[in-house]
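Hi everyone, thanks for making time this morning.

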Amino acid sequence: MKKDYEVLIVGGGPAGLTAGMTLGRLSRTALLCDDNRPRNYPSTHVNNFPSRDGIHPGEWRNATRKDLEKYKTIETKTASVLSAEKFEKGFLAKLSTGEMVQAQKLVLAYGVLDSLPSIFGFNELWGKSIFHCPYCHGYEVRGSKLGFVTNHPMAFHALPMIFDLASELTLFTNGKSVYSVEQLDILKRNKVELIETKIRKLEYHGELLKTVVLEDGKTKDLPYLFFFPNEPFRFKSQIGELLGCEKNDFGFYKVNERGGTSVSGVYACGDNMNMAHSVLLAAASGATAGASVVWELLNEKLKSR
């Protein structure tokens with residue numbers, strides 16, 4: 001059995017939900033497919049979101065899904081999109097439920113799979129005592145001794161923010177440093193301790209980090225760590241790649257100012273199209289992609305009369 005929609009949204013996080021709401025506001029028919037693997041599942045708070053600062057991520061998603069219910073042209077389904085094929089009038093997609101769906105436009109709203117170091121304790125503390133974004137979690141840990149686990153030159157983009165939050169900052173490269181002489185000089189002048197010895201494990205109690213244990217047996221007592229993700233970034237779905245959507249050097253989909261990818265009719269939003277990863281910015285990009293799809297659909301409808 002095949003069902004037809006104007007739009008298929010792949011992913012039901014902040015970007016996908018907001019894209020769906022935007023489409024619903026102009027009464028476009030859309031199916032939103034979500035397989036319930038939110039990136040911020042380990043976290044207990046969404047921060048830096050006006051009127052919802054500090055809300056639990058699950059509570060935010062449930063409230064937003066509830067908001068979608070009044071838009072009768074928007075259907076949601078717990079399912080993965082297994083494949084999508086482009087043809088003359090749009091796209092034909094296969095869902096994990098076995099259903100086939102036809103849509104004129106496709107919105108890729110699935111997010112990133114975080115590749116965490118294979119260090120004992122890292123997964124357990126991710127989103128609890130180990131964070132990726134100073135805007136999302138920095139205010140709550142300000143004034144603490146902080147560690148920053150990274151060995152990537154781009155990490156110096158985040159380092160000034162983390163340094164300003166910390167009473168004392170330690171940079172763990174977990175191996176030989178790749179940093180330039182100029183970057184190493186910045187660390188030295190600002191008394192940022194650089195530790196190149198590999199991390200053996202993290203000792204913790206409950207959700208609280210206690211000690212970073214190094215391979216040489218030395219230890220560093222710290223309550224919180226920040227981590228700069230590895231690249232290229234990996235996504236929760238390969239639909240964009242299967243359709244031929246181009247990616248940039250960081251592994252994100254190349255999009256124009258309206259969220260359009262290199263494949264006509266395919267839009268991307270959320271964590272898959274830039275490095276500014278937050279609930280608020282993902283939602284904003286979903287609104288942009290949704291509005292762009294609405295305009296394209298209605299413009300095509302007007303011209304076809």
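This is a predicted model: local features need pLDDT of at least 70, side-chain atom pairs count only at pLDDT 80 or more; totals for chains, interfaces and linings use all residues.

Let's begin with a definition: two strands count as paired if DSSP finds at least two bridges between them. The strands themselves (E, at least two residues) and the helices (H or I, at least four residues) are DSSP runs, numbered from the N terminus. One more bit of background: strands of a sheet pair through backbone hydrogen bonds, either parallel or antiparallel.

Residues are numbered from 1 along each chain as its sequence is written, and side-chain values use heavy atoms, with hydrogens and water left out.

Now, find strand β13, residues 208–214. Strand β13 is joined to β14 by 3 bridges, and the two run antiparallel. For example, V213 has T219 in β14 as its bridge partner. Zooming out, there is an open sheet of 3 strands, ordered β12-β13-β14, with antiparallel pairing. Its edge strands, each pairing on one side only, are β12 (199–205) and β14 (219–221).

Is V212 buried or exposed? This residue of strand β13 is buried, because its relative accessibility is 0%; buried means under 20% relative accessible area, exposed over 50%, and partly exposed in between, using a 1.4 Å probe and protein chains only. Leaving aside residues up to four places away in sequence, V212 touches several others, including F172, I199, T219 and L225. Touching here means contact, with heavy atoms within 4.5 Å.

Next, please move to strand β10, residues 168–172. Of its 5 residues, 4 are buried, so β10 is largely enclosed by the rest of the structure. On one hand, β10 runs parallel to strand β9 (residues 145–149), joined by 5 bridges, and L146 has L169 as its partner in β10. On the other, 3 bridges join β10 to strand β11 (residues 193–195), again in parallel.

How does the chain get between these strands? β9, helix α5 (residues 159–165) and β10 make a right-handed β-α-β unit. From β10, the chain crosses through helix α6 (residues 181–189) to β11, and this crossover is right-handed too. Right-handed means that, with the strands pointing away from you, the path from the first strand over the helix to the second runs clockwise.
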